[in-house]
Amino acid sequence: MRRTIFAAAHGPISLAFSIAGAILDLRIESLRMRLPNHLGKDEASGLIAGETLAQYELGTLRNFIYLIIDWDAKEAAIVDPQKDMTPLRDLEAHGIRLTKILLTHSHHDHVAGVPELLSTSPNLSVYVHPGDQFRLKKFDPERIKPLADGETVLVGSIEVEVIHSPGHSVGEVCFWVKKDAGYLLTGDVLFIRDCGRTDFETGSDEDLFSTLQRLKKIPDSVAMLPGHHYAIETANLFGAEKMTSPPLLCKTVEELRSLP
Ligand SMILES: [Fe+2]
């Protein structure tokens with residue numbers, strides 16, 4: 001008798017969970033479909049004429065390199081360049097001038113292309129948060145510009161807000177590109193349904209947790225673009241990440257620390 005009662009109670013509850021799960025899946029899928037078409041794929045599509053954001057996958061560690069392009073001003077910035085100069089050649093092919101090198105942080109796989117890019121023009125500078133400049137001693141200090149939390153960097157007329165995002169590296173920043181519905185370049189602090197490791201020099205679980213709470217305030221409609229291709233997708237709508245990303249769903253630093 002007890003088993004019968006349990007089965008009767010269990011059935012409708014299971015059904016309710018299934019329906020809720022299906023609705024959540026539909027919401028996530030519909031959010032993903034709102035990504036700009038060239039970012040809603042499983043491979044980086046490089047430069048597409050007229051698109052503000054170009055995404056490349058280059059190097060041996062599945063790094064994503066980004067171009068932020070103002071097509072009217074014919075000006076661009078590159079984020080976390082690799083030695084492969086394909087992005088620069090693509091800009092040149094479209095008559096666009098590279099005016100800034102932006103770094104999410106200074107780990108070697110995010111700065112590899114900086115020396116070669118600096119050698120292409122004496123007017124180029126590297127923008128990095130002061131907390132991450134200690135790894136850039138071999139670079140000419142005259143060509144390193146500090147980034148501050150809340151600062152707006154201009155790429156042509158495109159505003160890019162700097163969000164200090166420690167946790168993976170103490171001087172890490174995210175770049176919030178305020179064009180179209182917005183793009184958030186999250187470097188190694190936040191990946192699709194995952195986050196950056198904290199066991200490197202200057203990493204911190206507490207900092208990472210605080211950073212994630214701040215990033216959760218980014219609007220759902222913004223496209224999230226990570227620093228590595230670790231998921232199947234190359235990008236996701238931030239709203240979908242808020243519903244599915246284990247690190248973003250953690251309520252405490254202990255919960256974050258216990259994630260596999
Ligand atoms: Fe890193």
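Helix H5 (residues 205-215) has Asp207, Leu208, Phe209, Thr211, Leu212 and Leu215 as its buried residues. A residue is buried if 20 or more other C-beta atoms lie within 10 Å of its own, exposed if 12 or fewer, and partly exposed in between, with C-beta atoms placed from the backbone. Helices (H or I, at least four residues) and strands (E, at least two) are DSSP runs, numbered from the N terminus. The model is a predicted one: local features need pLDDT of at least 70, side-chain atom pairs count only at pLDDT 80 or more, and totals for chains, interfaces and linings use all residues. Residue numbers start from 1 along each chain, as its sequence is written.

**Overall layout**

- The protein contains eight helices and 14 strands.
- Its C-alpha trace spans about 85 × 40 × 30 Å along the principal axes.
- Two domains divide the protein: domain 1 (1-33) and domain 2 (34-257). These bounds come from an automatic or database domain assignment.
- The C-alpha centres of domain 1 and domain 2 are 38 Å apart.
- Of the 260 residues in the protein, 38% are buried.
- Among contacts in the protein with a separation of 6 or more, 57% are between residues 24 or more positions apart. Two residues are in contact if their C-beta atoms, placed from the backbone, lie within 7 Å.

**The nonpolar core**

- The largest nonpolar core has 59 residues, and Tyr66, Ile68 and Ala76 have the most contacts inside it. Strand S2 (residues 63-70) gives the most to this core, with six residues.
- A nonpolar core is a set of buried Ala, Val, Leu, Ile, Met, Phe, Trp, Tyr and Cys residues joined through C-beta atoms within 7 Å.
- Leaving aside neighbours within four places in sequence, the contacts of Ile68 include Thr52, Leu53, Ala76, Ala77, Val79, Val155, Ile158, Val160 and Val177.

**The sheet from S1 to S6**

- Six strands form an open sheet in the order S1-S2-S3-S4-S5-S6, with mixed pairing. Two strands pair if DSSP finds at least two bridges between them.
- Strand S1 (53-58) and strand S6 (144-146) are the edge strands; each has a single partner strand, so one side of each is left without a neighbour in the sheet.
- From one strand to the next, the twist averages 25°. Axes are lines fitted to C-alpha atoms, for helices over the stretch in contact, and angles run from 0 to 180 degrees between N-to-C directions.
- S1 and S2 are paired in the antiparallel sense over six bridges. Glu57 has Phe64 in S2 as its bridge partner.
- Helix H2 (residues 86-93) packs on the sheet and touches S1, S2, strand S3 (75-79) and strand S4 (97-102). The direction of H2 makes about 145° with that of S1.

**Ile96, between H2 and S4**

- Ile96 is placed in the loop between H2 and S4.
- Why does Ile96 count as buried? Ile96 counts as buried because it has 20 C-beta neighbours inside 10 Å.
- Ile96 and Glu75 are 21 residues apart along the chain, and their C-alpha atoms are separated by 5.4 Å.
- Apart from neighbours within four places in sequence, Ile96 is in contact with Ile69, Lys74, Glu75, Ala76 and Leu91.

- S7 and strand S8 (residues 158-164) run antiparallel and are joined by four bridges. Val153 stands opposite Val160 in S8.
- The hairpin of S7 and S8 has two residues between the strands, and Gly156 takes a positive phi near 60° there.
- Strand S9 (residues 173-177) and strand S10 (residues 183-187) also run antiparallel, joined by three bridges. Phe175 stands opposite Leu185 in S10.

**Helices H5 and H6**

- The buried residues of H5 pack against S9, strand S11 (190-191), strand S12 (194-195), helix H7 (246-249) and helix H8 (253-257).
- Phe238 belongs to helix H6 (residues 238-244). Phe238 is buried, with 24 other C-beta atoms within 10 Å.
- Not counting residues up to four places away in sequence, Phe238 touches Leu184, Ile218, Pro219, Asp220, Val222 and Met224.
- Phe238 and Arg89 are 149 residues apart in sequence and, C-alpha to C-alpha, 31 Å apart in space.
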